[in-house]
Amino acid sequence: MNLKEYGYNDFFAAQFAELELPEQLIPGRVTAVFKHVMRVVSADGEHLAKTKSSSFRDALRTDWPAIGDFVALESHPSDTSLIHKVLERKSIFLRDDPDPDMPPQVVAANFDYCFLVNSANDDFNINRLERYLTVAWNSGANPVIVLTKADLSDKLSYYMDQLNAAAFGVPVFAVDSISGTGLDELRSLLSPGETIVLLGSSGVGKSSLVNALAGEERMKTSGIREDDARGRHTTTHREMHLLPSGIIVIDTPGMRGLGIGNAAAGLEETFQDIEEIAQQCRFGDCSHHNEPGCAVQDALENGTLARKHYANWEKLRKELAYNERKNNILLMRQDKQQWKAISKQHRAKPKKKV
Ligand SMILES: Nc1nc2c(ncn2[C@@H]2O[C@H](COP(=O)(O)OP(=O)(O)OP(=O)(O)O)[C@@H](O)[C@H]2O)c(=O)[nH]1
Ligand SMILES: [Zn+2]
């Protein structure tokens, strides 16, 4: 197996050389993460692997291997191989731990492109796209906008104009994953060995797009509900796919749990009334605090908008902003010291004797 096919390039090879690791260690890439074990590919094939405990004893949580990571591996082809080290990442997605005292987890690493998938139907939502765009830029990867289900829309040029305006300079592609229209243009952007991740609401056609790019069924797709133009949630596996064209696709359910997708959708639904009022503000980027002509402040004054409802909206908006910030790879590095202190506290808890 050639690790270059899995995206191993000069950036990682230079790091590997610089580390001056023991001779028996070889580079590998994490292609799947299960509960207690990982799958890693390397020049000598596919491995089941675990982290070497002594190497990770003092590691930060964000330094633990995640899907897409390049690692230094002690190869035991007929047994469990051992991961000694995770190489520095060039892009990253983080997700909160359900335990608020715990630092976030890495859900994916080392992707070159972040596909922001929208469908050209009732589900089209430019605000959501803007949020995904922030997440994508902060991850360290390049965003690419894909408008799916182009065949279903007679408003395609309207949608394209909106996307081009909202995401100036970001490439936008319209595709029909069923017939394959528009796929060649998208393919021409990508080179073998490059890794993509897909962000987008359930049912927009992420799996169909991967299958279309692969030219074969790699991922299960769902039927779409007629009533609300959303598909059912079908993707549950957590894997990296090497497509016949040499493109690598990372798909994990964790992508959808980034906080952004669901939180943002929830925000729009729960606070649709405020979002509608906010459309009347004089300034498009009104923060609704003390700008002149703020329709939200007016509604609070004259009582058409309840203070409590508004306060909840503010709180959620702050959380959303935090989630976006959390996915910023640079900020994450600055936060490392803080996480270090937190994980030390966790380790310092006395263990119960058995
Ligand atoms: N007409 C048309 N239908 C499409 C296209 N892309 C996807 N669909 C349909 O939309 C439905 C949902 O597609 P999926 O690919 O499962 O969507 P998904 O984003 O992977 O959904 P989750 O797995 O829930 O996140 C399926 O019925 C697809 O056949 C397209 O380009 N044109
Ligand atoms: Zn306002």
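UniProt positions are given in the numbering used here, with shortened feature names, and its annotations may be inferred rather than shown by experiment. The structure is a predicted model, in which local features need pLDDT of at least 70, side-chain atom pairs count only at pLDDT 80 or more, and totals for chains, interfaces and linings use all residues. Residues are numbered from 1 along each chain as its sequence is written, while chains are lettered from A and ligands numbered from 1 in the order in which they are written.

An unreviewed UniProt entry places a "binding site" at Cys-281, Cys-286, His-288 and Cys-294. Helices are DSSP runs of H or I with at least four residues, numbered from the N terminus. Cys-281 lies in the loop that joins helix H8 (272-278) to helix H9 (295-301), and Cys-286 is placed in the loop between H8 and H9.

A residue is buried if 20 or more other C-beta atoms, placed from the backbone, lie within 10 Å of its own, exposed if 12 or fewer, and partly exposed in between. Cys-281 counts as partly exposed because it has 19 C-beta neighbours inside 10 Å; Cys-286 is partly exposed, with 19 other C-beta atoms within 10 Å.

Contact requires C-beta atoms, placed from the backbone, to lie within 7 Å. Leaving aside neighbours within four places in sequence, the contacts of Cys-281 include Cys-286, His-288 and Cys-294.

Elsewhere, the buried residues of helix H3 include Leu-129, Tyr-132 and Val-135. Just after H3, Gly-140 adopts a positive phi of about 100 degrees.

Methods. Helix = DSSP H or I, 4+ residues; strand = E, 2+ residues; numbered from the N terminus. Contact = placed C-beta atoms within 7 Å.
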